[in-house]
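Colleague: Before I rely on the labels attached to this model, I would like to hear the criterion behind each of them.

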Amino acid sequence: MRVLLLILALMPVVACASGHEHERQRAVSVSGTGEIEVIPDAAYVSMAIEARHKVLSTARKQVDDRVAAFLQLGDQLGIDRKHVKTAGMNVRPEYRWEEKTRKRYLDAYVVTRQLQVDLRDLDKLGALMTRAVEVGVNQVNPPQFRATNERELRRQALAQAAEDARANAQVLADTLDVKLGAVRKLDAQYNVHTPQPVYRMAAMRMEADTGGAEQTYETGQIKYTASVNASFDIN
């Protein structure tokens, strides 16, 4: 009997707690998106110089001479050397197999050095790409365009997405005649879509050999997108 009375006494408290818990669970979940588009103002340009010779010292000297010429080119174009990186030298021996003697013979040494330029003036891009080939650069990748204030642009896209999510939640709250409360849960992510220029090494070689005009590039626009998933309390 005492146990029954205790249970009956606790029932209103449990019911009240359940009611409050149910009330706290009222929420609306929405998503929002943001997008910022800008014209890039910088680019990473990756290149390499490779030489092949039977004598290792000769191949190394060929590469060193071309690297020196490339650095001089950067100086002529007004590119600060702190924005130019030259990686260490990579040496790879090449062998050939003689079936007659059943032996392997050293054919040549291939020496390579990687170059990277953080170009802050895109007006110099065409001259850099074309004249680099003229001074001996023989491996060139398409430039990777970027914005120097990328961090701020990402934050702007995130802010737009958050504002969009709140606006969507407010529309639902107004339509359903409820009051929008504080944010309960928030998840966010962003992406960067960079333009990819069309670049053909053969075409650049042809222009360099024939003394043609420097390459020009249409940079397009970089797009920063963000999405936000949010849950708001409603009363």
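The conversation below takes the labels one by one and sets each against its definition.

Modeller: This is a predicted model, in which local features need pLDDT of at least 70, side-chain atom pairs count only at pLDDT 80 or more, and totals for chains, interfaces and linings use all residues. Residues are numbered from 1 along each chain as its sequence is written, and side-chain values use heavy atoms, with hydrogens and water left out.

Colleague: How do you know what the secondary structure of the protein comes to?

Modeller: Helices (H or I, at least four residues) and strands (E, at least two) are DSSP runs, numbered from the N terminus. On that basis the protein has five helices and nine strands, and from the N terminus on its elements follow the order α-β-β-α-β-β-β-α-β-β-α-β-α-β.

Colleague: Why is Arg-146 called buried?

Modeller: Buried means under 20% relative accessible area, exposed over 50% and partly exposed in between, with a 1.4 Å probe and protein chains only. Arg-146 has 13% relative accessibility and therefore counts as buried; this residue is found in strand β7, residues 144-146. Across the protein, buried residues make up 32% of the 235 residues.

Colleague: What makes the pair of Arg-146 and Asp-118 a polar contact?

Modeller: A polar contact is a pair of N or O atoms within 3.5 Å; within protein, one must be able to donate a hydrogen and the other to accept it, and residues adjacent in sequence count only if both atoms are side-chain atoms. The side chains of Arg-146 and Asp-118 are joined by such a contact at 2.8 Å.

Colleague: How do you know which strands pair with β5?

Modeller: Two strands pair if DSSP finds at least two bridges between them. Strand β2 (residues 42-53) is joined to β5 (residues 103-119) by eleven bridges in the antiparallel sense, with Ala-48 opposite Gln-114. Strand β3 (residues 84-86) has three bridges to β5, also antiparallel, and there Lys-85 has Gln-116 as its bridge partner. Strand β4 (residues 90-98) has nine antiparallel bridges to β5, Tyr-95 standing opposite Leu-106; in the hairpin of β4 and β5, with four residues between the strands, Arg-102 takes a positive phi near 60 degrees.

Colleague: Which strands pair with β9?

Modeller: β1 and β9 pair in the antiparallel sense over twelve bridges, and Val-38 stands opposite Ile-222. Eleven bridges join β8 to β9, which also run antiparallel, with Val-183 opposite Phe-232.

Colleague: What makes you say that the buried residues of α2 line one face?

Modeller: The buried residues of α2 are Ala-59, Val-63, Val-67, Phe-70, Leu-73 and Gly-74. Seen down the axis of α2, they fall within an arc of 115 degrees, so they line one face of the helix; the arc is that of the directions from the helix axis to the C-beta atoms. On the other side of α2, Lys-61 and Gln-76 are exposed, while the buried residues pack against β2, β3, β5 and α3 (125-134).

Colleague: What makes a set of residues a nonpolar core?

Modeller: A nonpolar core is a set of buried Ala, Val, Leu, Ile, Met, Phe, Trp, Tyr and Cys residues joined through side-chain atoms within 4.5 Å. The largest has 28 residues, and those with the most contacts inside it are Met-47, Phe-70, Val-117, Leu-128 and Val-137. The elements that give two or more residues to this core are β2, α2, β5 and α3, and α3 gives the most, with six residues. Apart from it lies another core, of 19 residues, among them Val-28, Val-30, Ala-173 and Ala-226.

Methods: Contact means heavy atoms within 4.5 Å.
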